[in-house]
Amino acid sequence: MALTLYYHPFSSYSWKALIPLFEAGTAFTARSVEDPDASADLKRLWPIGRFPVLVEEASGLVLPEASIIVEYLDRHYPGPQPMLPVDEDLRLEVRLLDRFFDNYIHASLQKVVGDRLRPEDRRDAHGVDEARAMLDTSYAWLDKRMADRVWAVGGSFTLADCAAAPALFYADWVHPIGDAFPAVAAYRARLLARPSVRRAVDDARPFRGYFPDGAPDRD
Ligand SMILES: N[C@@H](CCC(=O)N[C@@H](CS)C(=O)NCC(=O)O)C(=O)O
């Protein structure tokens with residue numbers, strides 16, 4: 001069945017949906033919101049307007065929200081390795097880590113980036129301080145967890161790692177992980193070495209100029 005992904009190559013949440021598509025080698029049509037027609041179609045399909053959004057042409061299914069997209073792909077277009085483990089308790093742990101990366105790391109980095117995009121007189125310094133504090137707390141918790149792990153949950157690459165890759169990639173740009181959290185830094189490096197993640201990072205390179213205040217000259 002034909003699949004279309006509405007996305008942007010530089011968008012962190014888009015990477016979260018792209019990574020399992022690349023992992024499984026699933027065929028899909030990519031419609032970047034750089035294209036005004038794709039952007040208009042996206043807003044018609046999902047008035048919230050955020051991306052990624054997956055469309056399954058044959059069924060007419062319109063699926064927003066990256067975590068839900070990953071679960072749907074895993075169920076209906078599985079790759080060689082499940083993104084959600086078969087074991088129910090491990091599945092729950094994967095979902096918990098997925099929430100952790102989205103709610104505490106991804107949301108905090110988006111707050112910092114979003115603030116830079118505001119006019120100077122509309123900035124929210126207190127909110128940014130809170131986001132940075134949350135990043136520190138999250139890095140500390142994750143550092144302990146990752147000390148003796150390769151991937152976020154269990155022994156294989158899952159939805160939790162799909163969430164972690166873009167979150168840690170961009171979080172480190174706005175709030176460096178540094179030497180204080182070596183297990184988080186090593187996990188980020190492992191994620192970036194994964195071919196599916198590397199492909200998402202490389203496809204986004206032409207858009208680095210979009211990063212407010214400039215992208216760091218690394219990664
Ligand atoms: N909860 C959504 C978040 C999606 C999201 O925030 N996407 C960003 C790009 S990374 C976006 O659409 N930004 C454009 C906008 O806010 O208008 C998900 O998990 O997919």
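**Note on the ligand site and the aromatic rings**

1. A polar side-chain atom of Glu 65 lies 2.7 Å from a nitrogen atom of the ligand, a polar contact being a pair of N or O atoms within 3.5 Å (within protein, one must be able to donate a hydrogen and the other to accept it, and residues adjacent in sequence count only if both atoms are side-chain atoms). An oxygen atom of the ligand is 3.2 Å from an N or O atom in the side chain of Arg 50, and an oxygen atom of the ligand is also 3.0 Å from a polar backbone atom of Ala 66.

2. This is a predicted model, in which local features need pLDDT of at least 70 and side-chain atom pairs count only at pLDDT 80 or more, while totals for chains, interfaces and linings use all residues. Residues are numbered from 1 along each chain as its sequence is written, and side-chain values use heavy atoms, with hydrogens and water left out.

3. Among the residues that surround the ligand are Ser 11, Tyr 13, Phe 51 and Gln 110, where a residue counts as near if one of its heavy atoms lies within 4 Å of the molecule.

4. The whole structure holds 17 aromatic pairs, meaning rings of Phe, Tyr and Trp (its six-membered ring) with centres within 6.5 Å, where planes under 30 degrees apart count as stacked, over 60 as edge-to-face and the rest as tilted. The pair of Phe 22 and Phe 28 is tilted, because the ring centres are 6.4 Å apart and the planes stand at 40°. Phe 22 is buried, with a relative accessible area of 14%, whereas Phe 28, at 23%, is partly exposed; buried means under 20%, exposed over 50% and partly exposed in between (1.4 Å probe, protein chains only).

5. Trp 151 and Phe 157 form an edge-to-face pair, 5.2 Å centre to centre with 85° between the planes, and both residues are buried.

6. The charged end of Arg 194 sits over the ring of Phe 157, 4.1 Å from its centre, and that of Arg 199 sits over the ring of Phe 22, at 3.7 Å; this requires NZ of Lys or CZ of Arg within 6 Å of the ring centre and within 35 degrees of the ring normal.
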